[in-house]
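Hello,

Here is the structure I promised to pass on to you. Please have a look at it first, and then read my notes below.

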Amino acid sequence: MVLDRLTFIGLRNLSHVELRPSAGINVIVGANGSGKTSLLEGIHLLGMGRSFRTSQVKHAIAHDAATLTLHARLRGDPPIPLGIRRQREGSEMEMRMAGERVSRISQLVEALPLQLINPDAFRLLEGSPSHRREFLDWGVFHVKHDFLTIWKHVRRALKHRNALLRHGRMDERSLAVWEGEFAHWSEQLDTLRAAYFEAFLPIFDETLNELLPQASLSLRYTRGWDRQRDLNDILRMSRDSDRQMGFTQQGPQRADLKLRVGKRPAIEVLSRGQQKLIVSAMKLAQGRLLEQRTSRTCVYLIDDLPAELDAHHRQVFCRWLEQMRCQVFITSVDPETLQQSWQPDTSVSMFHVKHGKVDTLKEFTTE
Ligand SMILES: Nc1ncnc2c1ncn2[C@@H]1O[C@H](COP(=O)(O)OP(=O)(O)OP(=O)(O)O)[C@@H](O)[C@H]1O
Ligand SMILES: [Mg+2]
(Lines give C-alpha, C1' and ligand atoms only; values in the text may rest on other atoms or scores of the structure.)
(Ligands and ions follow the chains in the order given, each with its own letter.)
Protein backbone atom coordinates (compact mmCIF):
# COMPACT_ATOMS: atom_id res chain seq x y z
CA MET A 1 0.00 0.00 0.00
CA VAL A 2 1.13 3.52 -0.68
CA LEU A 3 0.28 6.74 1.10
CA ASP A 4 0.55 9.60 -1.34
CA ARG A 5 -0.61 12.56 0.71
CA LEU A 6 -0.33 13.31 4.36
CA THR A 7 -1.80 16.24 6.28
CA PHE A 8 -1.16 16.37 10.00
CA ILE A 9 -2.53 19.18 12.16
CA GLY A 10 -1.90 19.54 15.89
CA LEU A 11 0.39 16.54 16.26
CA ARG A 12 2.98 17.15 19.01
CA ASN A 13 5.37 19.86 17.77
CA LEU A 14 4.19 19.51 14.13
CA SER A 15 1.60 22.26 13.99
CA HIS A 16 0.66 21.82 10.33
CA VAL A 17 2.43 19.38 8.04
CA GLU A 18 1.70 18.59 4.40
CA LEU A 19 3.76 15.83 2.87
CA ARG A 20 3.82 14.22 -0.57
CA PRO A 21 5.86 11.10 0.00
CA SER A 22 7.14 8.90 -2.80
CA ALA A 23 5.94 5.34 -3.23
CA GLY A 24 9.43 4.07 -2.34
CA ILE A 25 12.04 5.20 0.15
CA ASN A 26 11.33 8.38 2.11
CA VAL A 27 14.12 9.57 4.35
CA ILE A 28 13.22 12.00 7.11
CA VAL A 29 16.16 13.85 8.57
CA GLY A 30 16.39 16.46 11.30
CA ALA A 31 18.04 17.30 14.59
CA ASN A 32 17.09 15.71 17.90
CA GLY A 33 13.68 16.91 19.00
CA SER A 34 12.75 18.26 15.55
CA GLY A 35 9.68 16.02 15.07
CA LYS A 36 10.85 12.98 13.05
CA THR A 37 9.42 10.33 15.35
CA SER A 38 6.22 12.38 15.64
CA LEU A 39 5.80 12.14 11.88
CA LEU A 40 6.03 8.35 12.04
CA GLU A 41 3.70 8.40 15.03
CA GLY A 42 1.10 10.20 12.91
CA ILE A 43 1.23 7.51 10.22
CA HIS A 44 1.08 4.81 12.87
CA LEU A 45 -1.99 6.44 14.41
CA LEU A 46 -3.70 6.45 11.04
CA GLY A 47 -2.97 2.81 10.36
CA MET A 48 -3.26 1.29 13.81
CA GLY A 49 -5.57 3.70 15.63
CA ARG A 50 -2.99 3.96 18.39
CA SER A 51 0.41 5.43 19.08
CA PHE A 52 3.61 3.47 19.69
CA ARG A 53 4.74 6.11 22.19
CA THR A 54 1.80 6.55 24.48
CA SER A 55 -1.22 4.54 25.47
CA GLN A 56 -3.31 7.70 25.41
CA VAL A 57 -3.72 9.33 22.02
CA LYS A 58 -4.51 12.66 23.63
CA HIS A 59 -0.88 12.94 24.74
CA ALA A 60 0.02 13.26 21.05
CA ILE A 61 -2.10 16.41 20.69
CA ALA A 62 0.10 19.51 20.45
CA HIS A 63 0.22 21.34 23.79
CA ASP A 64 -1.33 24.47 22.29
CA ALA A 65 -4.00 22.71 20.20
CA ALA A 66 -7.45 21.47 21.11
CA THR A 67 -7.64 18.91 18.31
CA LEU A 68 -5.43 16.45 16.51
CA THR A 69 -6.38 15.85 12.87
CA LEU A 70 -4.58 13.37 10.65
CA HIS A 71 -5.37 12.76 7.00
CA ALA A 72 -3.79 10.54 4.40
CA ARG A 73 -4.67 9.22 1.00
CA LEU A 74 -4.12 5.63 0.06
CA ARG A 75 -3.14 5.27 -3.55
CA GLY A 76 -5.61 3.25 -5.60
CA ASP A 77 -8.36 3.44 -8.12
CA PRO A 78 -10.17 5.21 -6.64
CA PRO A 79 -7.80 6.55 -3.96
CA ILE A 80 -9.01 6.01 -0.39
CA PRO A 81 -8.89 8.91 2.04
CA LEU A 82 -8.20 7.99 5.66
CA GLY A 83 -8.62 10.29 8.60
CA ILE A 84 -8.70 10.44 12.35
CA ARG A 85 -9.57 13.21 14.72
CA ARG A 86 -9.14 13.39 18.48
CA GLN A 87 -10.29 16.29 20.64
CA ARG A 88 -8.50 17.04 23.86
CA GLU A 89 -11.87 17.11 25.60
CA GLY A 90 -13.86 13.91 25.37
CA SER A 91 -12.64 10.38 25.00
CA GLU A 92 -13.63 9.36 21.47
CA MET A 93 -11.40 9.13 18.46
CA GLU A 94 -13.26 9.79 15.24
CA MET A 95 -12.10 7.58 12.38
CA ARG A 96 -13.04 7.98 8.73
CA MET A 97 -12.29 5.98 5.64
CA ALA A 98 -13.43 6.62 2.07
CA GLY A 99 -15.74 9.35 3.31
CA GLU A 100 -17.53 7.10 5.80
CA ARG A 101 -17.34 7.01 9.56
CA VAL A 102 -15.51 3.89 10.75
CA SER A 103 -16.31 2.34 14.11
CA ARG A 104 -13.67 -0.39 14.40
CA ILE A 105 -9.91 0.13 14.43
CA SER A 106 -9.52 -3.21 12.64
CA GLN A 107 -10.93 -1.53 9.51
CA LEU A 108 -8.04 0.93 9.51
CA VAL A 109 -5.55 -1.84 10.23
CA GLU A 110 -6.87 -3.84 7.32
CA ALA A 111 -6.67 -0.88 4.93
CA LEU A 112 -3.14 0.10 5.87
CA PRO A 113 -0.80 -2.73 6.87
CA LEU A 114 2.06 -1.16 8.82
CA GLN A 115 5.29 -2.42 10.27
CA LEU A 116 7.24 -0.40 12.80
CA ILE A 117 10.93 -0.90 13.49
CA ASN A 118 12.23 1.45 16.15
CA PRO A 119 14.80 1.48 18.97
CA ASP A 120 12.32 -0.42 21.18
CA ALA A 121 11.99 -3.20 18.62
CA PHE A 122 14.11 -5.63 20.66
CA ARG A 123 11.18 -5.75 23.13
CA LEU A 124 9.56 -8.18 20.75
CA LEU A 125 12.11 -10.70 21.98
CA GLU A 126 12.62 -9.45 25.50
CA GLY A 127 9.12 -8.41 26.44
CA SER A 128 6.15 -10.50 27.50
CA PRO A 129 4.66 -13.16 25.19
CA SER A 130 1.77 -10.80 24.46
CA HIS A 131 4.12 -8.79 22.18
CA ARG A 132 4.92 -11.92 20.18
CA ARG A 133 1.28 -12.99 20.01
CA GLU A 134 0.40 -9.54 18.72
CA PHE A 135 3.13 -9.89 16.09
CA LEU A 136 1.90 -13.32 15.01
CA ASP A 137 -1.74 -12.27 14.99
CA TRP A 138 -0.98 -9.22 12.85
CA GLY A 139 0.17 -11.63 10.16
CA VAL A 140 -2.73 -14.04 10.58
CA PHE A 141 -5.21 -11.14 10.55
CA HIS A 142 -3.91 -9.84 7.24
CA VAL A 143 -3.89 -13.16 5.42
CA LYS A 144 -6.90 -14.96 6.96
CA HIS A 145 -10.22 -13.21 6.86
CA ASP A 146 -11.91 -15.33 9.51
CA PHE A 147 -9.18 -14.64 12.08
CA LEU A 148 -10.97 -11.75 13.78
CA THR A 149 -14.25 -13.63 14.22
CA ILE A 150 -12.48 -16.66 15.65
CA TRP A 151 -10.34 -14.56 17.94
CA LYS A 152 -13.43 -12.74 19.29
CA HIS A 153 -15.13 -16.07 20.05
CA VAL A 154 -12.04 -17.23 21.93
CA ARG A 155 -11.88 -14.03 23.94
CA ARG A 156 -15.56 -14.13 24.81
CA ALA A 157 -15.47 -17.75 25.98
CA LEU A 158 -12.32 -17.11 27.99
CA LYS A 159 -13.90 -14.12 29.69
CA HIS A 160 -16.93 -16.17 30.68
CA ARG A 161 -14.85 -19.07 31.99
CA ASN A 162 -12.62 -16.75 34.02
CA ALA A 163 -15.66 -14.99 35.48
CA LEU A 164 -17.14 -18.36 36.51
CA LEU A 165 -13.84 -19.44 38.08
CA ARG A 166 -13.80 -16.35 40.24
CA HIS A 167 -17.37 -16.88 41.35
CA GLY A 168 -17.61 -18.28 44.89
CA ARG A 169 -19.35 -21.57 44.05
CA MET A 170 -18.38 -23.14 40.77
CA ASP A 171 -21.28 -23.61 38.41
CA GLU A 172 -20.05 -26.85 36.78
CA ARG A 173 -22.66 -26.92 34.04
CA SER A 174 -22.03 -23.40 32.83
CA LEU A 175 -18.31 -24.05 33.07
CA ALA A 176 -18.62 -27.12 30.84
CA VAL A 177 -20.54 -25.09 28.24
CA TRP A 178 -17.97 -22.30 28.09
CA GLU A 179 -15.09 -24.76 28.15
CA GLY A 180 -16.56 -26.53 25.12
CA GLU A 181 -16.94 -23.21 23.35
CA PHE A 182 -13.47 -22.07 24.33
CA ALA A 183 -11.82 -25.34 23.26
CA HIS A 184 -13.64 -25.35 19.93
CA TRP A 185 -12.59 -21.83 18.89
CA SER A 186 -9.12 -22.20 20.40
CA GLU A 187 -8.43 -25.19 18.15
CA GLN A 188 -9.42 -23.09 15.16
CA LEU A 189 -7.26 -20.18 16.25
CA ASP A 190 -4.32 -22.52 16.74
CA THR A 191 -4.82 -24.01 13.27
CA LEU A 192 -4.67 -20.54 11.70
CA ARG A 193 -1.65 -19.48 13.75
CA ALA A 194 0.23 -22.72 13.09
CA ALA A 195 -0.41 -22.55 9.34
CA TYR A 196 0.72 -18.94 9.23
CA PHE A 197 3.83 -19.74 11.22
CA GLU A 198 4.72 -22.60 8.91
CA ALA A 199 4.61 -20.24 5.93
CA PHE A 200 6.46 -17.52 7.85
CA LEU A 201 9.38 -19.61 9.07
CA PRO A 202 11.25 -20.27 5.78
CA ILE A 203 10.90 -16.61 4.76
CA PHE A 204 12.20 -15.52 8.15
CA ASP A 205 15.13 -17.94 7.92
CA GLU A 206 16.02 -16.66 4.48
CA THR A 207 15.85 -13.02 5.57
CA LEU A 208 17.81 -13.65 8.74
CA ASN A 209 20.42 -15.65 6.92
CA GLU A 210 21.51 -12.51 5.10
CA LEU A 211 21.31 -10.24 8.10
CA LEU A 212 22.92 -12.60 10.60
CA PRO A 213 24.38 -15.53 8.67
CA GLN A 214 26.21 -17.32 11.42
CA ALA A 215 23.41 -17.41 13.97
CA SER A 216 22.25 -20.93 14.80
CA LEU A 217 18.82 -19.78 15.77
CA SER A 218 15.61 -21.68 16.06
CA LEU A 219 12.19 -20.07 16.16
CA ARG A 220 9.28 -22.15 17.34
CA TYR A 221 5.56 -21.53 17.79
CA THR A 222 3.98 -22.86 20.97
CA ARG A 223 0.21 -22.93 21.03
CA GLY A 224 -0.35 -22.39 24.76
CA TRP A 225 -1.38 -25.87 25.80
CA ASP A 226 0.06 -29.40 25.66
CA ARG A 227 0.58 -30.54 22.09
CA GLN A 228 -0.56 -34.08 22.85
CA ARG A 229 -3.70 -33.26 24.80
CA ASP A 230 -7.18 -32.10 24.08
CA LEU A 231 -7.86 -28.60 25.45
CA ASN A 232 -11.30 -29.55 26.70
CA ASP A 233 -9.77 -32.31 28.90
CA ILE A 234 -7.07 -29.97 30.13
CA LEU A 235 -9.65 -27.38 31.14
CA ARG A 236 -11.77 -29.92 32.98
CA MET A 237 -8.79 -31.33 34.85
CA SER A 238 -7.38 -27.95 35.81
CA ARG A 239 -10.52 -26.33 37.19
CA ASP A 240 -9.28 -26.40 40.78
CA SER A 241 -5.88 -24.97 40.08
CA ASP A 242 -7.32 -22.42 37.63
CA ARG A 243 -9.77 -21.36 40.32
CA GLN A 244 -6.95 -20.89 42.81
CA MET A 245 -5.06 -18.77 40.30
CA GLY A 246 -8.21 -16.93 39.29
CA PHE A 247 -7.70 -17.41 35.55
CA THR A 248 -7.38 -20.01 32.80
CA GLN A 249 -3.77 -21.15 32.71
CA GLN A 250 -3.71 -22.91 29.36
CA GLY A 251 -5.06 -21.98 25.97
CA PRO A 252 -4.21 -19.78 22.98
CA GLN A 253 -4.01 -16.75 25.28
CA ARG A 254 -0.66 -18.28 26.35
CA ALA A 255 0.70 -18.92 22.85
CA ASP A 256 4.23 -17.72 22.21
CA LEU A 257 7.12 -17.68 19.78
CA LYS A 258 10.27 -19.17 21.30
CA LEU A 259 13.58 -18.06 19.94
CA ARG A 260 16.62 -20.06 20.94
CA VAL A 261 20.31 -20.12 20.22
CA GLY A 262 21.21 -23.77 20.65
CA LYS A 263 19.37 -24.68 23.84
CA ARG A 264 19.31 -21.25 25.40
CA PRO A 265 16.76 -18.44 25.08
CA ALA A 266 18.09 -15.99 22.51
CA ILE A 267 17.86 -12.94 24.78
CA GLU A 268 20.33 -14.52 27.23
CA VAL A 269 22.95 -14.87 24.53
CA LEU A 270 22.56 -12.20 21.89
CA SER A 271 23.78 -8.62 21.86
CA ARG A 272 21.31 -5.78 21.55
CA GLY A 273 22.38 -5.16 17.95
CA GLN A 274 21.88 -8.84 17.09
CA GLN A 275 18.46 -8.77 18.72
CA LYS A 276 17.57 -5.78 16.60
CA LEU A 277 18.63 -7.61 13.46
CA ILE A 278 16.48 -10.60 14.37
CA VAL A 279 13.45 -8.43 15.03
CA SER A 280 14.09 -6.60 11.76
CA ALA A 281 14.24 -9.95 9.95
CA MET A 282 10.94 -10.95 11.58
CA LYS A 283 9.25 -7.77 10.46
CA LEU A 284 10.70 -7.82 6.97
CA ALA A 285 9.64 -11.46 6.62
CA GLN A 286 6.08 -10.57 7.60
CA GLY A 287 5.97 -7.93 4.89
CA ARG A 288 7.32 -10.40 2.34
CA LEU A 289 4.78 -13.03 3.32
CA LEU A 290 1.95 -10.50 3.17
CA GLU A 291 2.92 -9.63 -0.37
CA GLN A 292 3.21 -13.27 -1.40
CA ARG A 293 -0.20 -14.10 -0.01
CA THR A 294 -2.23 -11.01 -0.81
CA SER A 295 -0.22 -9.00 -3.37
CA ARG A 296 -0.40 -6.10 -0.93
CA THR A 297 2.72 -4.46 0.44
CA CYS A 298 3.02 -2.97 3.87
CA VAL A 299 4.27 0.46 4.75
CA TYR A 300 7.45 0.39 6.85
CA LEU A 301 8.07 2.97 9.56
CA ILE A 302 11.69 2.83 10.60
CA ASP A 303 12.82 5.11 13.36
CA ASP A 304 16.45 5.79 13.97
CA LEU A 305 17.85 2.86 12.04
CA PRO A 306 21.54 3.72 12.41
CA ALA A 307 21.35 3.26 16.17
CA GLU A 308 23.18 0.04 16.97
CA LEU A 309 23.53 -1.20 13.39
CA ASP A 310 26.95 -1.09 11.79
CA ALA A 311 27.45 0.05 8.20
CA HIS A 312 27.42 -3.46 6.76
CA HIS A 313 24.21 -4.54 8.49
CA ARG A 314 22.56 -1.23 7.68
CA GLN A 315 23.34 -1.87 4.05
CA VAL A 316 21.96 -5.43 4.07
CA PHE A 317 18.83 -4.20 5.82
CA CYS A 318 18.36 -1.40 3.29
CA ARG A 319 18.84 -3.86 0.44
CA TRP A 320 15.93 -5.91 1.70
CA LEU A 321 13.76 -2.79 1.82
CA GLU A 322 14.72 -1.93 -1.74
CA GLN A 323 13.96 -5.44 -2.98
CA MET A 324 10.56 -5.47 -1.33
CA ARG A 325 9.46 -2.41 -3.30
CA CYS A 326 7.30 -1.14 -0.52
CA GLN A 327 6.82 2.35 0.84
CA VAL A 328 9.29 3.19 3.57
CA PHE A 329 9.51 6.13 5.97
CA ILE A 330 12.89 6.09 7.62
CA THR A 331 14.27 8.68 10.03
CA SER A 332 17.82 9.65 10.76
CA VAL A 333 19.58 12.43 12.61
CA ASP A 334 22.38 12.36 10.12
CA PRO A 335 21.56 12.26 6.37
CA GLU A 336 25.06 11.08 5.48
CA THR A 337 24.81 7.80 7.41
CA LEU A 338 21.96 6.48 5.34
CA GLN A 339 23.17 7.81 2.00
CA GLN A 340 25.82 5.12 1.79
CA SER A 341 23.30 2.37 2.50
CA TRP A 342 21.28 2.41 -0.74
CA GLN A 343 22.08 0.80 -4.06
CA PRO A 344 23.28 3.26 -6.72
CA ASP A 345 20.05 3.39 -8.72
CA THR A 346 17.61 3.59 -5.81
CA SER A 347 15.50 6.70 -5.81
CA VAL A 348 15.22 8.29 -2.40
CA SER A 349 12.99 11.19 -1.37
CA MET A 350 14.37 13.35 1.40
CA PHE A 351 12.47 15.46 3.88
CA HIS A 352 13.93 17.77 6.46
CA VAL A 353 12.14 18.37 9.74
CA LYS A 354 13.09 21.56 11.55
CA HIS A 355 11.25 23.14 14.48
CA GLY A 356 8.06 21.29 13.63
CA LYS A 357 8.07 22.18 9.91
CA VAL A 358 8.81 19.74 7.11
CA ASP A 359 10.62 20.72 3.90
CA THR A 360 10.95 18.49 0.89
CA LEU A 361 14.67 18.49 0.21
CA LYS A 362 14.93 16.56 -3.00
CA GLU A 363 14.21 13.38 -4.76
CA PHE A 364 17.46 11.84 -5.82
CA THR A 365 19.08 8.65 -6.86
CA THR A 366 22.22 7.82 -5.00
CA GLU A 367 24.13 7.49 -8.25
N1 LIG B 1 2.14 17.10 22.99
C2 LIG B 1 3.18 17.81 22.54
N3 LIG B 1 3.01 19.08 22.07
C4 LIG B 1 4.05 19.80 21.59
N5 LIG B 1 5.30 19.33 21.51
C6 LIG B 1 5.53 18.09 21.96
C7 LIG B 1 4.49 17.26 22.50
N8 LIG B 1 5.04 16.08 22.83
C9 LIG B 1 6.34 16.15 22.55
N10 LIG B 1 6.65 17.35 22.02
C11 LIG B 1 7.95 17.83 21.50
O12 LIG B 1 8.01 17.46 20.14
C13 LIG B 1 9.37 17.47 19.72
C14 LIG B 1 9.58 16.39 18.68
O15 LIG B 1 9.77 15.14 19.26
P16 LIG B 1 10.21 13.90 18.39
O17 LIG B 1 10.37 12.78 19.32
O18 LIG B 1 9.29 13.74 17.25
O19 LIG B 1 11.63 14.36 17.85
P20 LIG B 1 12.70 13.57 16.98
O21 LIG B 1 12.99 14.41 15.79
O22 LIG B 1 12.25 12.18 16.74
O23 LIG B 1 13.95 13.56 17.96
P24 LIG B 1 15.11 12.48 18.20
O25 LIG B 1 16.09 12.64 17.07
O26 LIG B 1 15.70 12.91 19.49
O27 LIG B 1 14.49 11.14 18.26
C28 LIG B 1 10.19 17.37 20.98
O29 LIG B 1 10.89 18.58 21.13
C30 LIG B 1 9.18 17.20 22.10
O31 LIG B 1 9.54 17.85 23.27
MG1 LIG C 1 12.99 10.35 17.37
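**What I found**

Arg5 counts as partly exposed, because its relative accessibility is 36% (buried means under 20% relative accessible area, exposed over 50%, and partly exposed in between, with a 1.4 Å probe and protein chains only). Before I go on: this is a predicted model, where local features need pLDDT of at least 70, side-chain atom pairs count only at pLDDT 80 or more, and totals for chains, interfaces and linings use all residues. Residues are numbered from 1 along each chain as its sequence is written, chains are lettered from A and ligands numbered from 1 in the order in which they are written, and side-chain values use heavy atoms, with hydrogens and water left out.

Back to Arg5, which sits in strand E1 (residues 3-11); helices (H or I, at least four residues) and strands (E, at least two) are DSSP runs numbered from the N terminus. Leaving aside neighbours within four places in sequence, Arg5 is in contact (heavy atoms within 4.5 Å) with Leu19, Arg20, Pro21, His71, Ala72 and Arg73. Arg5 and Ser22 are 17 residues apart in sequence, and their C-alpha atoms are 9.3 Å apart in space.

The protein chain is divided into domain 1 (1-113 + 297-367) and domain 2 (122-295), with bounds that come from an automatic or database domain assignment. Their C-alpha centres lie 29 Å apart, and 19 residues of domain 1 are in contact with 24 residues of domain 2.

Ile278, leaving aside neighbours within four places in sequence, touches Leu125, Phe204, Leu208, Leu212, Leu217, Leu259 and Leu270.

One last thing to look at is a helix pair. Asp137, Val140 and Phe141 in H4 meet Phe147, Leu148 and Trp151 in H5.

Enjoy exploring it!

Best wishes
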